[in-house]
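Here is a short report on a protein model and the ligands placed in it. Keep the sequence and the structure open as you read.

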Amino acid sequence: MRTQVAIIGAGPAGLLLGRLLERHGIEAVILERRSGDYVLSRIRAGVLEHGTRELLNACGVGERMEAEGLPHEGTEICFDGVSHRIDFRALLGREVMVYGQTEVTRDLMAARAASGAVTIYGAEDVALHDLDGSAPRVTYRKGGASHELTCDVIAGCDGFHGVSRRSIPADKLRIFERIYPFGWLGVLVDEPPAAPELIYAHHQRGFALCSMRSATRSRYYIQCPEDTDLDAWTDDLFWDELRRRLPQAVAEALRTGPAIEKSIAPLRSFVAEPMRYGRLFLAGDAAHIVPPTGAKGLNLAVSDVQYLAMALAEHYRDQSNAALDAYSARALSRVWKAERFSWWMTTMLHRFPAFSSFERRMQVAEFDYLRGSVAASTALAENYTGLPT
Ligand code: APR
Ligand code: PHB
């Protein structure tokens, strides 16, 4: 089989790239290791930046998001019981859209199925070849048979554990990484949210987050030690611990029920540079990871593929490689700012077991400054609602 762009991975990065390329008349085949149902069973983040929302609308996949998503004009930051609201609308005239990544993926999958573009689910042993030449290839197995896909360019959109980044010679990549000594224990529940907006809470016992997926479905997280045993956390233990970490009024308003999903996510900052090797271009989690505190993961995947689609469009339209050559530097400039923001929010809001009394005072001062400064609050709002692409 032959195509113009071989896309590895049918997560939000791969599917959105496919959609954007289709709009430019560029053909792509997506190879995904899992089944479509499996991809849709993963529960991930749920806050879309202003620009992500605009892009989804511009490429014709925003209809359900606009109908069912929840526009939020602000968020609450709470520190040792003191609350400070960041008013995106008043500070910047902007909002974010609360709409689950699973739903974004579902909408992109439906649009791709309707367009007739090819997605191969259940592609095993995907391997990339001849990346440094002019005729790259992808091989894979499906249904016991071996297949080969030849193409002009490969887009590695296969997430942190994918094969694409690992196909680049180690001496051609520089890795930057920070692993945080804790994780987030998350619970999804079919009950209305405890508060109308998201609440990020710092507490002596650890961080907590109140989020939501809809008016009737809520998502809550608590910071937990890295070696936490998921099975030891019964629903009741989770709700008790969450209540302890929330402002009293929110704790009292909290509506609990049986968890419909419960999982632990590690916290990590990670960047691989450059986001390109020969004819392979990395996008999304394949190239970088942020801790979830700033809700940047999905949004960064979206800005990466936006840059990559524009560069590929220029390549095919003008027979020029200029934008493709600039892709990595352009994407990384935005990636590092999101890395900075996620690291900053994570550092201010979590309990770090190894922090000295000085570092602890720094956290207090960060919050105190945020609360007393319109400039600091605006900076948070600007990063949270999304820096320009
Ligand atoms: N071959 C084919 N497909 C693969 C392979 C492989 N070897 N390895 C992984 N994949 C697939 C995964 O099954 C997954 O469906 O690639 C897809 C990658 O999707 P995501 O992990 O969702 O990554 P991305 O599309 O970059 O989206 C970024 O996802 O992890 C969150 O926080 C992150 O919200 C952000 C978003
Ligand atoms: C979520 O709803 O899952 C969520 C929201 C905001 C975050 C992280 C996760 O910062």
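## Basis of the model

This is a predicted model, in which local features need pLDDT of at least 70, side-chain atom pairs count only at pLDDT 80 or more, and totals for chains, interfaces and linings use all residues. Residues are numbered from 1 along each chain as its sequence is written, chains are lettered from A and ligands numbered from 1 in the order in which they are written, and side-chain values use heavy atoms, with hydrogens and water left out.

## Ligand 1

The shell around ligand 1 holds 24 residues. A residue belongs to such a shell if one of its heavy atoms lies within 4 Å of the molecule. Glu32, Arg42, Arg44, Gln101 and Asp285 come nearest. By class, the shell has 10 nonpolar, 7 polar and 7 charged residues. Here Ala, Val, Leu, Ile, Met, Phe, Trp, Tyr, Cys and Pro count as nonpolar, Asp, Glu, Lys and Arg as charged, and the others, Gly among them, as polar. Helices α1 (12-23) and α9 (297-318) each supply at least two shell residues. The largest share, 3 residues, comes from α9. Helices (H or I, at least four residues) and strands (E, at least two) are DSSP runs, numbered from the N terminus.

An N or O atom in the side chain of aspartate 285 is 2.5 Å from an oxygen of ligand 1. For the side chain of glutamine 101, the distance is 2.6 Å.

## Ligand 2

Ligand 2 has 14 residues around it, and Tyr200, Ser211, Arg213, Tyr221 and Pro292 come nearest. The shell divides into 9 nonpolar, 3 polar and 2 charged residues.

The side chain of tyrosine 200 places an N or O atom 2.7 Å from an oxygen of ligand 2. Backbone atoms take part too. A backbone N or O atom of proline 292 lies 2.8 Å from a ligand 2 oxygen, and one of threonine 293 lies 3.3 Å from a ligand 2 oxygen. On its own, ligand 2 has 280 Å² of accessible area, and the protein covers 99% of that. Strands β15 (208-212) and β16 (218-225) are the elements that give two or more residues to this shell.

## Helix α1

Helix α1 has 12 residues and reaches 17 Å from its first C-alpha to its last, close to the 16 Å expected at 1.5 Å a residue. The expected span is 1.5 Å times one less than the number of residues. Of its 12 residues, 10 are buried. Among them are Pro12, Gly14, Arg19 and Leu21. Buried means under 20% relative accessible area, exposed over 50%, and partly exposed in between (1.4 Å probe, protein chains only).

Helix α11 (residues 357-372) has 16 residues, which should span 22 Å; its end C-alpha atoms are 22 Å apart, which agrees. Gln363, Phe367 and Leu370 are buried in α11. Seen down the axis, the buried residues fall within an arc of 65°, so they line one face of the helix. That arc is taken from the directions from the helix axis to the C-beta atoms. On the other side of α11, Ser357, Phe358, Arg361, Tyr369 and Gly372 are exposed.

Serine 373 caps the N-terminal end: a side-chain oxygen lies 3.2 Å from the backbone nitrogen of alanine 375. Glycine 386 follows α12, with a positive phi near 115°.

## Two single residues

Glutamate 241 is in helix α7 (residues 235-245). Its relative accessibility is 6%, so glutamate 241 counts as buried. The side chain of glutamate 241 makes polar contacts with the side chains of arginine 205, at 2.9 Å, and arginine 245, at 2.8 Å. A polar contact is a pair of N or O atoms within 3.5 Å; within protein, one must be able to donate a hydrogen and the other to accept it, and residues adjacent in sequence count only if both atoms are side-chain atoms.

Alanine 265 is in strand β17 (residues 259-273). Alanine 265 is partly exposed, at 32% relative accessible area.

Terms used:
Accessible areas come from the Shrake-Rupley method with a 1.4 Å probe; for residues, only the protein chains shown count as cover.
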